[in-house]
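Subject: Structure handover

Hi,

Here is the structure to look at. Please open it first, then read my notes below.

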Amino acid sequence: MNPYESIWEKLSASDYQSKNYETGMAAYALRQSHAMLESQFTSEQQFSKVLEVGAPSDLHVKYVRHRFDEYIVSDRMKSSKFFFESTNTKVSGVVADAAC
């Protein structure tokens, strides 16, 4: 098992969000990076399917500026399925290993 993976396996969804996105400079930097990634898109752009790789939660979705029909959040950790509880019916989660 990957040592990094074992750290996050022990956290609940609220712990993960709290430790990474709610307080401190690291949280600020992470939030800003999500916003910067989406700055090139507009609400006029439409994508049928969007696949986010390496996301143990749907936190990035709130920064998405474009429209989409389906948004799939994926991560390789089996515990990630616990995080995929989005209120947006167009968003779903899947456990998958994207390694080549």
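Of the chain's 100 residues, 32% count as buried. Buried means under 20% relative accessible area, exposed means over 50%, and partly exposed is in between (1.4 Å probe, protein chains only).

Some ground rules. This is a predicted model, in which local features need pLDDT of at least 70 and side-chain atom pairs count only at pLDDT 80 or more, while totals for chains, interfaces and linings use all residues. Residues are numbered from 1 along each chain as its sequence is written, and side-chain values use heavy atoms, with hydrogens and water left out.

**Confidence**

The term pLDDT is the predictor's confidence in each residue, from 0 to 100. The chain averages 78, and 70% of the residues score at least 70. Among the elements, strand 1 has the highest mean pLDDT (93) and helix 1 (residues 3-9) the lowest (57). Where pLDDT is low, the predicted coordinates should not be read in detail.

**Layout**

The chain has 3 helices and 3 strands. Their order along the sequence is α-α-α-β-β-β. Both kinds of element are DSSP runs, numbered from the N terminus: helices are H or I with at least four residues, strands are E with at least two.

The accessible surface is about 6,700 Å², and carbon and sulfur atoms hold 55% of it. Accessible areas come from the Shrake-Rupley method with a 1.4 Å probe; for residues, only the protein chains shown count as cover.

Take the contacts with a separation of 6 or more: 33% of them join residues 24 or more positions apart. Contact means heavy atoms within 4.5 Å.

**The core**

Which residues make up the largest nonpolar core? There are 8: V50, A55, V61, V64, F68, Y71, V73 and V91. Strand 2 (residues 67-75) gives the largest share, 3 residues. A nonpolar core is a set of buried Ala, Val, Leu, Ile, Met, Phe, Trp, Tyr and Cys residues joined through side-chain atoms within 4.5 Å. In soluble globular proteins, nonpolar side chains tend to be buried together.

Look at Y71. It counts as buried, at 2% relative accessibility. Leaving out residues up to four places away in sequence, Y71 touches V50, E52, H60, V61, V64, K90, V91 and S92.

**Aromatic pairs**

There are 2 aromatic pairs. The ring centres of F41 and F47 are 5.7 Å apart and the planes lie at 90 degrees, so this pair is edge-to-face. F41 is buried at 19%, while F47 is partly exposed at 31%. The rings of F68 and Y71 have centres 5.2 Å apart and planes at 55 degrees, so that pair is tilted. F68 is buried, at 10% relative accessibility. The cut-offs: rings of Phe, Tyr and Trp (its six-membered ring) pair if their centres lie within 6.5 Å; planes under 30 degrees apart are stacked, over 60 edge-to-face, and the rest tilted.

**The salt bridge**

Which side chains meet in a salt bridge? Those of E70 and K49 do, at 3.9 Å, N to O. E70 sits in strand 2 and K49 in strand 1 (residues 46-53), so the pair, 21 residues apart, links distant parts of the chain. The structure holds 1 such bridge. The rule is a side-chain nitrogen of Lys or Arg within 4 Å of a carboxyl oxygen of Asp or Glu. E70 is partly exposed at 28%; K49 is exposed at 61%.

Best wishes
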